[in-house]
Amino acid sequence: MHSKFPISLNPKCLSLEQINNASKFKIENTPFSPQNDDSSAGASFGKQSQDMNGTAIENFICVIYNVSFMNCTWHVSRTAPGDTQYFLYWKSSRKEDFIGCQNYVKDNCGRHTGCRFQNVTIENKSAYFLVNGSGQNIQSYKNMIALYKIEKLTPPLNVTVNCTGLSHSCEIKWQPPRTSHVKRDTCFKYQVVIEKKADPEKGIKDTSKMETNITGNSYIFDSFNAEKRYSIKIRATDNGCLVSKNWGEWSTPVEFGGEQLMSTSSYVLLLVSGLAASIVFFLCAVNIYLKTVPARVLQPKDPFHEIAPMNFQTEYENQLIKHETEEIITVIEEVA
């Protein structure tokens with residue numbers, strides 16, 4: 001398919017000859033198909049291709065970010081005709097077919113200067129990129145890139161700060177950045193930056209910054225002063241695995257400190273005061289209970305004054321009645 005018009009009639013995009021003859025141009029703007037290109041068959045992607053006539057794109061850069069998104073950008077050739085259009089193709093292995101870009105980025109002249117990709121997985125693979133220009137005598141650009149090398153690591157996750165006033169130290173913890181191919185926490189090392197912030201209200205005008213590189217997912221900050229205000233941010237990089245050696249994105253700064261520090265004696269005084277208040281409250285509660293509940297006093301019984309005389313008298317009367325009854329029965333038997 002051929003286009004009868006240049007990409008743009010903007011004078012900044014066309015040469016003087018193209019502007020004078022714009023109505024006469026017949027520009028070939030057919031997308032390049034790498035599957036049908038004999039020149040690319042068997043081409044070496046081991047390193048960036050060399051531009052033989054100065055018409056290939058320049059400054060080709062790809063970046064993987066937010067785990068699975070990839071942006072590729074380039075500069076149009078300074079010697080190629082202003083109406084040259086560019087098309088990007090890529091594949092993640094030699095056995096696969098090239099796939100054309102579906103989401104181009106354009107400059108003010110309508111020329112493709114970048115492409116956006118989604119659902120990109122690294123998995124320790126290398127990708128093959130090919131950028132072709134429309135028209136004749138436009139040099140193609142070829143390059144092979146290890147995808148893990150171009151990943152912009154996400155910030156470390158869940159940064160928390162737990163400070164102890166008695167020990168004047170803070171324990172800082174975090175989780176590794178998210179990636180699509182790294183499973184071990186030991187594959188990362190981190191840069192921790194702690195900044196002491198100015199506080200005009202407290203007369204603190206000086207600021208200072210401390211930087212340290214560590215491995216692991218925690219750090220002890222032992223120069224903590226609770227009266228001062230701090231902020232911390234962390235970023236990650238490679239620690240001997242297939243991870244980009246470039247530093248990743250910074251975590252969102254976390255602020256801590258700024259509280260009035262209590263001394264050891266103050267803590268002891270507070271503890272004793274709390275204990276004394278608890279005892280006073282308990283005694284008051286017991287006193288109120290005793291006043292509201294009527295007293296019940298049990299009187300001891302005298303066994304010689306009440307129980308014993310009562311028992312002896314009863315026993316005597318029972319024996320007397322029994323004796324009289326027996327005498328009456330005897331008299332009746334004799335009469336009979």
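# Reading a predicted chain

Tutor: Let's start with phenylalanine 282, which lies in helix H2 (residues 264–292). This is a predicted model, where local features need pLDDT of at least 70, side-chain atom pairs count only at pLDDT 80 or more, and totals for chains, interfaces and linings use all residues. Residues are numbered from 1 along each chain as its sequence is written, and side-chain values use heavy atoms, with hydrogens and water left out.

Student: Why does phenylalanine 282 count as exposed?

Tutor: Exposed means over 50% relative accessible area, buried means under 20%, and partly exposed is in between (1.4 Å probe, protein chains only). Phenylalanine 282 has 54% relative accessibility, so it counts as exposed.

Student: What makes the nonpolar surface patch with Phe282?

Tutor: Its members are Leu275, Ile279, Phe282, Leu283, Val286, Tyr289 and Leu290, and they give a patch of about 750 Å². Patch residues need over 30% relative accessible area and no salt bridge; nonpolar side chains (Val, Leu, Ile, Met, Phe, Trp, Tyr) are joined within 5 Å, like charges within 9 Å. Areas come from the Shrake-Rupley method with a 1.4 Å probe, and for residues only the protein chains shown count as cover.

Student: How do you know that cysteine 101 and cysteine 115 form a disulfide?

Tutor: A disulfide is a pair of cysteine sulfur atoms within 2.5 Å. These two sulfur atoms, of cysteine 101 and cysteine 115, are 1.8 Å apart, and the pair forms a disulfide. The torsion about their S-S bond is about 100 degrees, so this disulfide is right-handed. The pair links distant parts of the chain, 14 residues apart: cysteine 101 is in the loop between strand S4 (99–100) and S5, while cysteine 115 is in strand S6. Both cysteine 101 and cysteine 115 are buried.

Student: How many disulfides does a search of the whole structure find?

Tutor: Four. One of them joins cysteine 163 to cysteine 170, with 2.1 Å from S to S. Another links cysteine 187 and cysteine 241, with sulfur atoms 2.2 Å apart; at -75 degrees about the S-S bond, the link of cysteine 187 and cysteine 241 is left-handed.

Student: Why is strand S6 (residues 112–117) called mostly covered?

Tutor: Five of the six residues of strand S6 are buried.

Student: How do you know that S5 and S6 pair?

Tutor: Two strands pair if DSSP finds at least two bridges between them. Strand S5 (residues 104–106) and S6 have three bridges and run in the antiparallel sense; for example, valine 105 has glycine 114 as its bridge partner in S6. Strand S2 (residues 69–75) is joined to S6 by four bridges, also antiparallel, and asparagine 71 has arginine 116 as its partner in S6.

Student: What order do the strands of the open sheet have?

Tutor: The order of its five strands is S5-S6-S2-S1-S9, with mixed pairing. S5 and strand S9 (151–152) stand at the edges with a single partner strand each, so one side of each has no neighbour in the sheet.

Student: What makes glutamate 58 and arginine 78 a salt bridge?

Tutor: A salt bridge needs a side-chain nitrogen of Lys or Arg within 4 Å of a carboxyl oxygen of Asp or Glu. In glutamate 58 and arginine 78, the closest N and O atoms are 3.3 Å apart, and the pair forms a salt bridge. Glutamate 58 is in strand S1 and arginine 78 in the loop between S2 and strand S3 (86–91), 20 residues apart. At 22%, glutamate 58 counts as partly exposed, while arginine 78, at 73%, is exposed.

Student: Why does arginine 111 count as buried?

Tutor: Arginine 111 has 12% relative accessibility, so it counts as buried. Its side chain meets that of aspartate 107 in a salt bridge of 3.1 Å, N to O, and aspartate 107 is partly exposed at 24%.

Technical notes. Helices (H or I, at least four residues) and strands (E, at least two) are DSSP runs, numbered from the N terminus.
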